Structures are given as structure tokens and as C-alpha cells.
Amino acid sequence: MINLKEKHNTKQLSSSAINSHISSLNNILKYVEKQELHIKASDYNLSRKFNDSENKENTRESAQKFKEWLNKKYTETGRIGYKALQHAVNIQSVNLRLRESLAVKLLNKDLSNNILQITDKKGAGKWDGSKNTRPREIKLSEEQKMVLLEARDFLKQNRLTNLNTHKTLKAGKTWAQNILKKYRKETNNPYFHYHGERHWQAHQAYKESWQASGYNNIECRARLEISDKKEWMAQMIQQTGLSRAEFIKIEREIRYSISQSLGHERISITNRYLG
């Protein structure tokens, strides 16, 4: 940790990179059942700084415009990478990171039970690109299942194993980022970023989870962009008619479920999505 702190102080590593290292170390400690050695970045003043009331989700217009542009480029150039990337963005609606949407082995997935299994690196050729190789289960809505099936059909038709059309995942991610830069340069369309799809899905899942509990129009703090957490909670409690304790209990369960679906080790990470 002292070495990481020195690299942070000398700007050799960013806060984001350091926290990724710490997350990996904690995963190893969890695997060898040494959770008592869990490392907290905050103990070393290495925590990433976030504005958790900022809305970082893509609007549906911005996502649609980007996918339309990708389809147009595919039509003009015939480069299959554009169409593959369009499908990759589509399936990010299943709570997938960009790397996961490029790497996931859809041809090997049984979606009949409406669950997508994201696998770790155990077994050659089975890794789905999950961060820190962490496996998880994602419950699928009918709409989410449909975009996965459409992407699977595309893979079959083009004899692809996944949506990464480059030799390595790193190369595929770099190409995708360069394509996004090209899109921003060529158009004046609303701002789009890949991770904004996960933020949008987290916000939607939050709202829909409350709806499933019988409460409509309950939004997370980030979507409403309310900086004061107490103010937001007071508004939501008044809207639901629940007691503070009842609201917190349901809300905590919803956040935990979303955290599991997103593949986060700690719910505090998910809170940076929801506020």
C-alpha cells in the first residue's frame, strides 16, 4: 500500500487505477478466506472522489443516435466491426460493461431460464470479460433477453464467437473508444459514453424495483440530481407514505440487488451510480 500511495503522489497511477488494484487484492483475500485483511482505500487517503448526485446516464436519444450512426457506417463501409459494436451497445442494457458486451460468449449461453451467467476465467475460452474475473448471474427481462438473442443470431450469421472483431479484447476496446471519438468529431448529437448505459440501466432498475413493490415514480438521487441526500430521502419518504425505517429497508434491498446485477464487490460502488 505504501508503494501505491507513493505512485499516486508522484502521479504514476491515477486514483481509478489504484482502486482497481485494491479491488483485485481484496478479491484475492476473499478467495483465500482472509476477509479480515480487507483493504480500505479510504484508510490511506486513496479513495476516488465522486459527485454521487451527478447524473451520468445516457439519454435514450443519445444512445439511439450513436447506434444509428454505427449502422450507417456499416452500410457505407461494409465493415462488420461497426455492426458488432452496435450489438455490443445494445446488450449493455443487460448491465454489461463494454468489455463484457464485447467478450461475452453468447453462443454458449442457455437463456431459457431468463438468466445470463457471466463466467470467470476457469476453463479455456470461457471467460466473459468480467472485471477482476468475477462471475455473476443477471436476471433478464423479456426485452433484455431479446437483444441478447438478436446479438446471438448476428454472431451465428457471421461465424463469430463474440462481438469483439479484433485479435485481443484490449484491441477491441481501443477500437471502440476510437470509434466513439470519431462519432463525437463528426456529429453534434447528444453526448454518449459507453459506461453511461450501465448508469441508465441502474437508474431504470431502481425505479422499476420500486414499482414492483407498489410505489410509482420513485427515482434514485443521481437521476434527480439532488445534492442533499437527506432532502432526497425526505421527498421519497413523503411520496411513498412509508416510515423512514420501512423506506430504508426496501431501499437497501433494491440497492443490493442492483449491485449484484452490476457485478460490484461493494454496494458503495453502486451508490456512485444511484446517488
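The largest cavity has a volume of about 40 Å³. The structure is a predicted model, in which local features need pLDDT of at least 70, side-chain atom pairs count only at pLDDT 80 or more, and totals for chains, interfaces and linings use all residues. Residues are numbered from 1 along each chain as its sequence is written, and side-chain values use heavy atoms, without hydrogens and water.

A search of the whole structure finds one cavity of 30 Å³ or more. A cavity is a set of points, on a 1 Å grid over the protein atoms alone, where a 1.4 Å probe fits but cannot get out; lining residues have an atom within 4 Å of a point. Its volume is the space filled by probe spheres set on the points, which are joined across faces, edges and corners. The lining of the largest cavity includes Gly-81, Leu-85, Leu-102 and Trp-175. Helices α4 and α7 each supply at least two lining residues.

The protein has 12 helices and two strands. Both are DSSP runs, numbered from the N terminus: helices are H or I with at least four residues, strands are E with at least two. Along the sequence, the pattern is α-α-α-α-α-β-β-α-α-α-α-α-α-α. Of the 275 residues, 45% count as buried. Buried means under 20% relative accessible area, with a 1.4 Å probe and protein chains only.

Helix α4 covers residues 80-91. At 1.5 Å a residue, its 12 residues should span 16 Å, and its end C-alpha atoms are 17 Å apart, which agrees. The expected span is 1.5 Å times one less than the number of residues. In α4, 11 of the 12 residues are buried. Among them are Gly-81 and Leu-85, which also line the largest cavity. The cover over the buried residues of α4 includes α3, α5, α6, α7 and α8.

Ser-62 is found in helix α3, residues 60-77. Ser-62 counts as buried because its relative accessibility is 0%. A polar atom of the Ser-62 side chain lies 2.8 Å from the backbone oxygen of Thr-59. Leaving aside neighbours within four places in sequence, Ser-62 is in contact (heavy atoms within 4.5 Å) with Tyr-183, Pro-190, Tyr-191 and Phe-192. Across the protein, residues 24 or more positions apart account for 61% of the contacts with a separation of 6 or more.

Methods
Buried means under 20% relative accessible area, exposed over 50%, partly exposed in between (1.4 Å probe, protein chains only). A polar contact is a pair of N or O atoms within 3.5 Å; within protein, one must be able to donate a hydrogen and the other to accept it, and residues adjacent in sequence count only if both atoms are side-chain atoms. On a 1 Å grid over the protein atoms alone, a cavity is a set of points where a 1.4 Å probe fits but cannot get out, and a pocket is an open set with protein on both sides within 12 Å along at least five of seven lines; lining residues have an atom within 4 Å of a point.
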